[in-house]
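Colleague: Please take me through this model. I want to know what stands behind each label.

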Amino acid sequence: MPVNEERSRRYVPFAFELNNFDPVADEYLDWIRETLKPELTRRFGPVAPARTALAGSSFGGLITLYAGLRDPGEYGTWGVLSPAIWPADFALRRWMSGRSDPQARVWLDMGDHEGPDLKGAAEIVKLTHALAADLSPLVREVQVTIGQGHWHDEAAWRARLPAFLRWWVKGSGSA
């Protein structure tokens, strides 16, 4: 299932301008759960949910967080890197109410330069900590990391990814 120009439709589960008020994120997540995961199991063998991770950055971080709460028990670890949670006036934060996955571990990170200016970047870091506080009672663990000097870009995510992977493997009992 290609994403490409459909990125804001596939990765943002809430209707807003960039997805023409027509999200298909649930269809995308159904494809991961019903097509991709069974194919990976067929090829490589079964993996317990506790050892299964889903991760993404920006809109990918948003869909990862949404997927984890939408399908509790499906993914033991969620890598939520620089999540773009602003669509539809922060609809994700309202949608989270009443949902949980008590076994999930969540890596939530953000760069300290992810904003239009230093004041905006500081607000985004503050919002990241608020999101972590919202998540804490819903999941088993939340690990917050703020990348010093990191922007909202692939270079920053590439720099933080090894720490996420080490944290995931250590916590999944795979180390």
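**Overall build**

Modeller: Of the 175 residues in the protein, 45% are buried. Buried means under 20% relative accessible area, exposed means over 50%, and partly exposed lies in between (1.4 Å probe, protein chains only). This is a predicted model: local features need pLDDT of at least 70, side-chain atom pairs count only at pLDDT 80 or more, and totals for chains, interfaces and linings use all residues. Residues are numbered from 1 along each chain as its sequence is written, and side-chain values use heavy atoms, with hydrogens and water left out.

Colleague: How many helices and strands are there in the protein?

Modeller: There are 6 helices and 4 strands. Both are DSSP runs, numbered from the N terminus: helices are H or I with at least four residues, strands are E with at least two. From the N terminus on, the order is α-α-β-α-β-α-β-α-β-α.

Colleague: Why is the protein called as compact as a globular protein of that length?

Modeller: Its radius of gyration is 16 Å, close to the 16 Å that the globule rule gives for 175 residues, so the label holds. The radius is taken over C-alpha atoms, and the rule is 2.2 Å times the number of residues to the power 0.38. Along the principal axes, the C-alpha atoms fill a box of roughly 50 × 40 × 35 Å.

**The sheet**

Colleague: What is the strand order in the open sheet?

Modeller: The order is β1-β2-β3-β4, with parallel pairing. The twist averages 10 degrees from one strand to the next.

Colleague: How do you know that β2 and β3 pair?

Modeller: Two strands pair if DSSP finds at least two bridges between them. β2 (residues 77-81) and β3 (residues 101-111) have 5 bridges, in the parallel sense. W78 stands opposite V106 in β3. β3 and β4 have 8 bridges, also parallel. There, R105 has E141 in β4 as its bridge partner.

Colleague: What makes the β-α-β unit right-handed?

Modeller: The test is this: with the strands pointing away from the viewer, the path from the first strand over the helix to the second runs clockwise. β3, helix α5 (residues 118-135) and β4 make such a right-handed unit.

**Single residues**

Colleague: Why is E39 called partly exposed?

Modeller: E39 has 27% relative accessibility, so it counts as partly exposed. E39 is in helix α2 (residues 25-44). Its side chain makes a polar contact with the side chain of R42, at 2.6 Å. A polar contact is a pair of N or O atoms within 3.5 Å; within protein, one must be able to donate a hydrogen and the other to accept it, and residues adjacent in sequence count only if both atoms are side-chain atoms.

Colleague: Which residue has its backbone oxygen 2.8 Å from a polar atom of the R9 side chain?

Modeller: That residue is D22. R9 is in helix α1 (residues 7-11).

Colleague: What stands out about phi in A88?

Modeller: Phi of A88 is near 55 degrees, a positive value in a residue other than glycine. Most residues other than glycine have a negative phi. D89 also has a positive phi, near 55 degrees.

Colleague: Are A88 and D89 exposed or partly exposed?

Modeller: A88, at 26% relative accessibility, counts as partly exposed. D89, at 60%, counts as exposed. A88 is in helix α4 (residues 87-95), and D89 is found in helix α4 too.

Note on methods
Axes fitted to C-alpha atoms, helices over the stretch in contact; angles between N-to-C directions.
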